[in-house]
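Trainee: Please pick one part of this model and take me through it closely. Include what sits beside it.

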Amino acid sequence: MLSRLSRTPPPPLAMAARVLPRAFHPTAAATSAMTNSHFIIPPSPTMATHMKPSLIIGREFHYYYGLNCNSDRRWSVAGMNGKVFASQREYRKSRKRLPLKKKKEKELELSVNICIEQQLPDDPEILDIAELLRLNVPMAMKLAFDDLKDSEYQTRDRAINDVGCFESVELSVMLCNDEFIRKLNKDWRDEDRPTDVLSMSQHTPELELPILMLGDIVISVETAARQAEERGHSLLDEIRILLVHGLLHLLGFDHEISDEAEAEMEKEEELLLKSLGWKGKGLIQSSYDAEAAGSPPLENNDRKKEGSLRFYKPKFSYIFCDMDGTLLNSKSQISSATAEALREATSRGVKVVIATGKTRPAVIALLKSVGLAGKDGIVSEVSPGVFVQGLLVYGRQGRKISRRNLDPVVCREACLYSLEHKVPLVAFSEDRILTLFHHPLVDSLHTIYNEPKAELIPSVEQLLAGPDIQKVIFLDTAEGVSTALRPYWAEAIGDNASVVQAQPDMLEIVPPGTSKGSGVKVLLDHLGVSPKEIMAIGDGENDVEMLELASLGVALSNGSEKAKAVADVIGASNDDNGAADAIYRYAF
């Protein structure tokens with residue numbers, strides 16, 4: 001029985017320039033316009049003596065294999081960790097082999113490092129694939145080595161010709177995501193884009209070492225997953241195809257130098273896959289098929305794709321999101337793309353919390369329309385949330401932990417002003433909306449913004465005698481708010497209240513010092529969460545304090561200048577799924 005997977009603590013995060021610390025053959029890196037795979041032989045200013053197999057950044061699986069070759073071509077794999085050995089096994093003989101000259105039998109040790117880059121989460125499928133690779137990689141190496149010396153290929157670099165002259169062979173295989181392989185491409189090839197596989201040679205023939213340091217094969221499981229879906233096979237199948245392609249590059253095959261070289265490498269890919277009994281076509285043929293089918297090329301941007309968050313660890317524990325102008329587009333709807341991004345984030349363990357000027361019933365109704373309300377959603381009557389501009393805060397199990405009310409004197413003055421100037425006004429009282437007279441703008445709060453339908457209160461005295469009021473909103477045109485309402489009330493209320501705008505055609509009067517940021521802070525203290533653990537997305541001036549509080553504040557491009565001025569980054573607009581883009585780009 002083979003030894004169990006062993007883990008070592010991840011070393012500090014390093015740039016790709018420190019990933020490959022050994023000496024390299026001074027040959028320029030080659031590129032390819034046909035496939036996503038590339039072969040790199042990075043130059044080095046110094047020549048080094050033997051070093052251990054490269055420990056590419058991340059958590060590692062260490063497997064060291066002793067590969068024993070007997071005269072009858074039987075090979076056995078010895079797991080060196082814990083001195084546990086597997087039984088001998090006969091590998092299939094799908095290709096003709098020339099007779100071997102008898103020579104003194106010696107053991108050839110295969111030292112194979114299977115690594116998982118530290119930013120990849122513990123995805124069960126990836127862990128299973130890493131487990132299988134500890135057997136698959138030596139099998140592929142053994143078959144690829146068999147005919148090197150007597151190979152009739154004309155274009156293969158014969159720097160590695162007979163592995164029998166070495167005491168051991170070293171190879172590292174790393175599984176990573178697009179972000180990591182993009183950095184390697186940028187640092188080593190000056191191309192800022194992800195690819196599916198990179199081969200990095202470590203062999204230096206001039207040193208005449210007893211150890212063949214083949215190098216490193218780096219595979220993006222994120223790109224591999226997309227290609228597997230497109231080509232109709234499993235992720236394991238695609239990774240095996242990429243492994244074969246990368247291994248052949250390290251053994252001197254290079255489809256990039258000529259049509260003849262491409263044909264020879266394609267032939268060897270197909271032959272090796274067939275000999276191993278692995279599914280799928282070789283990478284070169286698959287790339288041609290994709291080109292013939294008109295498949296779009298990889299996008300050259302740093303946004304993670306939909307469905308790809310499984311390949312990234314979350315950078316934040318919580319994402320606080322505004323509603324109007326952020327999660328909601330200009331039609332006050334949550335797009336399917338935004339809903340999917342929220343769903344993906346929560347499925348990866350990130351808690352999404354709503355921080356809005358809206359009431360809780362309005363938020364529940366909107367998110368229910370896209371299947372994100374209730375027990376398994378991001379909002380419900382038993383979930384945390386910040387509502388009514390931070391004046392109502394709900395904690396664990398939806399329990400109210402904070403409520404602030406508007407000064408009754410200010411509320412009275414606002415009601416009297418509404419009646420005198422015929423400017424519609426609504427008062428927010430927890431889950432209720434109250435008004436003094438009917439008006440189309442009042443109705444729009446319910447029909448467009450999904451707030452509870454306004455209740456008509458006959459008089460100011462009756463409205464004030466009822467439940468506590470948290471805030472009031474004047475409804476007018478954007479011009480009316482900016483030229484008349486805001487200047488008047490900013491001066492009239494003094495230190496007894498504050499004015500704030502979430503929408504250009506609405507003016508809110510709230511208790512002094514009110515902000516979503518203060519409500520978010522109350523909730524974080526309740527949950528025992530640090531601001532360093534949160535990301536916030538908003539658009540309005542009422543989001544300013546929340547964006548400043550968060551470790552990363554994202555203001556959408558449709559937002560107010562005040563919000564954009566304090567944000568760490570400015571995202572796409574709400575009509576371009578800006579919140580979804582921010583989650584894919586920055587949250588993981």
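Mentor: Two strands pair if DSSP finds at least two bridges between them. Strands (E, at least two residues) and helices (H or I, at least four) are DSSP runs, numbered from the N terminus. The model is predicted, so local features need pLDDT of at least 70 and side-chain atom pairs count only at pLDDT 80 or more, while totals for chains, interfaces and linings use all residues. Residues are numbered from 1 along each chain as its sequence is written, and side-chain values use heavy atoms, without hydrogens or water.

Take strand 21, residues 552-556. Leu552, Val554 and Leu556 point one way. Gly553 and Ala555 point the other way. In a regular strand, side chains alternate between the two faces of the sheet.

Now the partners. Strand 20 (residues 534-538) pairs with strand 21 in the parallel sense, over four bridges. There, Gly538 stands opposite Ala555. Right-handed means that, with the strands pointing away from the viewer, the path from the first strand over the helix to the second runs clockwise.

Strand 22 (residues 569-571) also runs parallel to strand 21, joined by three bridges. Here the bridge partner of Ala555 is Ile570. Strand 21, helix 16 (residues 561-566) and strand 22 make a right-handed β-α-β unit.

Note on methods
Buried means under 20% relative accessible area, exposed over 50%, partly exposed in between (1.4 Å probe, protein chains only).
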